[in-house]
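Here is my notebook from a first walk through this structure. Have the sequence and the 3D view open, and follow along with me.

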Amino acid sequence: MSAFLAIVRRDLRLAFRQGGDGAFAVMFFVLAAILFPFGIGPEPELLARVAPGILWVVALLAAILALDRMFQPDWEDGTLELIRLSPLPLELAVVAKCLAHWLVTGLPVLLATPVVALMLRLDPASLPMLLLGMALGTPVLSLFGSVGAALTLGARRGGVLVSLLVLPLEVPVLIFGVGAADAAVGHEVGRAQLLILGAMLAAALPLCPLAAAAGLRQALE
Amino acid sequence: MDFHRFANPARFMRMSIPLLRVLAPAAAVLLALGLVLGFQVPPDYKQGMTVLIMFIHVPAAWMAMFAYAFLAAASAVALVWRHPLAEVAAVEAAPLGAGFTALCLITGSLWGAKMWGTWWVWDARLTSVLVLFFLYLGYLALAHAFDDRQRGLRAASVLALVGAVNLPIIKFSVDWWNTLHQPASVFRLGGPTLSTVYLWPLLTMALGFTLLFAWLLVLRMRAHLMERKIETLRLVAIETRQTVQPQEALS
C-alpha cells in the first residue's frame, strides 16, 4: 500500500513542481470548450443542445494530451526499471499512475465543468447527470490512455500515435456519457447509461493495467 | 496438433508454394460461381436487383470480423507461445481486414443511399464497424511505429487483444440497440431467415472471399519473410563492406 501511495504522491509532486504543469490539462479544457461558441455562434438553444457533447469531447482530448507524461519521462530516466524491480506488482504501479493522471486531469476537469457548462448554456437540470457520468467516465479515459501510453513508449511520433490508438476505444465512453446527460435534458433518468459507464469502469480497472503492464514489460526488455 | 512444426519460416515458405497453387484457383472458381449464381437470383420484391449488393457487402462484413478475430487469435498465440510466424500472420492480415472493412462500409453506404435514402447514419452497427476500421488502422500504425520491428509487432499484438472487445459489440449491436441496419438474418438462433435462393449465392461468395483472404494472406506472409531476409542480407553486406571501405579510401 505504501509503495502504491508513494508512486501516486511522486507523480503528483512532479506534476505540480514546475510551476503548475499539471494545470495545463484543465486550462486546455476550458480554452478549447469556450472556442465552440465562437465557432458555432452564441445562440443559447444551439449551445445548450451540444454542450454535453462539447464538454465530453474536450475532456477526452485534455486527458489524451497529458498521456505522454505518464510513462515517457520515467522510462527515459530509468525510474520505470526501478518500479518494475520493486515488490509492487507492475499492474498496481500502472493503477497508481492512472490514479495520479486522473487526479491531475480528470478531477480538475470535473471541478471545472460546472463553470464551463454555464458558459456553454447547458441546461442546469442535466448538470448532475453530466457530472456523475464524467466522474465514472474520466477514470476509464485514464485507464485506456495508460494502455496506449505504455504500448507507444519509444515509438516515433508517440504523442500523436497515442491519440490514434486510444480514441476508437474511448468512443463508447463518450456515447454513454453524453447519453446520460441528454436523457436528463429530456427529463428522463439516464440510469441505464450510468450503469453501463459504471460497468465499463469495473471492467477497465482490472483489465487495462494488465495490458499496460504487458506493454511496459515490452518497452523495458 | 503440433504447431511447433509450422514455426520454422523456411518450412512455411516451402509449404506455402503448393498451398498457393490450390488456394488461387479455388478462390477464383468460388467467386465466379458466386457471381453467376448471384446474377441468376430473382429480383427482390422491394429492392429489385439492388439486392445484388448484398452478395458483396455481407461477405465483406463477415470477412472484416473474421480477419480481426484471426488477428486477435494470432496475437494471442504470438504473446503466449512466442510463435514466430503468428506475429507475421497478424501484421499481414491487418491490411486485408482493413480492406474488407472499407469495402463493407462503401458498399453498405451505396446500398443505404438507394434503400434508406441516406449515405450514412450513426446507428450502433455502422458506428461499431467504423470503430473496427480505425482499430485496424491503429494496429498497423503501432506495428510500423518502431525502428525495432519486433518491438512494434509485439506492442501491436497487445493492442489487437484490447480491441477484440469490439467484435461481440458489432455482432450484437443490431440486437442491443434500435438500429436502422437490419437485424441478423443468417447467424441467429433459429436458423437463417434468408430464402435459400439468396442464401446459396451468399454462402458461395462468403467461402470465395475466405479463400481469397487465405490466398492473399499466404502471399503477403511470403513477401514479409522475403523482405526480412533481404534486410538481413543488406545488413550483412553493409557490415562486410565497412571493414573493407576505410582501406579503399586510404589507398
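I began with a working rule: two residues are in contact if their C-beta atoms, placed from the backbone, lie within 7 Å. Helices (H or I, at least four residues) and strands (E, at least two) are DSSP runs, numbered from the N terminus. I call a residue buried if 20 or more other C-beta atoms lie within 10 Å of its own, exposed if 12 or fewer, and partly exposed in between, with C-beta atoms placed from the backbone.

I noted that this is a predicted model, where local features need pLDDT of at least 70, side-chain atom pairs count only at pLDDT 80 or more, and totals for chains, interfaces and linings use all residues. Residues are numbered from 1 along each chain as its sequence is written, while chains are lettered from A and ligands numbered from 1 in the order in which they are written.

**Entry: helix H6 of chain B**

I looked up which residues of helix H6 (residues 166-176) of chain B are buried, and found Asn166(B), Ile170(B), Ser173(B) and Val174(B). Seen down the axis of H6(B), these buried residues fall within an arc of 85 degrees, so they line one face of the helix. The arc is that of the directions from the helix axis to the C-beta atoms. I then recalled that an α-helix has 3.6 residues a turn, so residues three or four places apart point the same way.

What covers the buried residues of H6(B)? I found that the cover includes helix H2 (54-81), H4 and H5 of chain B. On the face of H6(B) turned away from the buried side, I listed the exposed residues Pro168(B), Asp175(B) and Trp176(B).

**Entry: Thr179(B)**

Next I went to Thr179(B), in the loop between H6 and helix H7 (196-250) of chain B. I counted Thr179(B) as partly exposed, because 17 other C-beta atoms lie within 10 Å. Leaving aside neighbours within four places in sequence, I found Thr179(B) in contact with Asp123(B), Ala124(B), Arg125(B), Ser173(B) and Val174(B).

**Entry: chain B as a whole**

I found seven helices and zero strands in chain B. The C-alpha trace of chain B spans about 85 × 40 × 35 Å along its principal axes. Of its 251 residues, 35% are buried. Among contacts in chain B between residues at least 6 apart in sequence, 76% join residues at least 24 apart.

**Entry: chain A as a whole**

I found nine helices and zero strands in chain A. The radius of gyration of chain A is 18 Å, close to the 17 Å that the globule rule gives for 221 residues, so chain A is as compact as a globular protein of that length. This radius is taken over C-alpha atoms, and the globule rule is 2.2 Å times the number of residues to the power 0.38. The C-alpha atoms of chain A fill a box of roughly 55 × 35 × 30 Å, taken along the principal axes. I noted that 48% of the 221 residues in chain A count as buried.

**Entry: where the chains touch**

**Entry: two arginines**

Phi of Arg121(A) is near 60 degrees, a positive value in a residue other than glycine. I placed Arg121(A) in the loop between helix H6 (90-119) and helix H7 (127-151) of chain A. Arg82(B) has a positive phi of about 50 degrees, although it is not a glycine. I placed Arg82(B) in the loop between H2 and helix H3 (84-115) of chain B, and counted Arg82(B) as exposed because it has 11 C-beta neighbours inside 10 Å.
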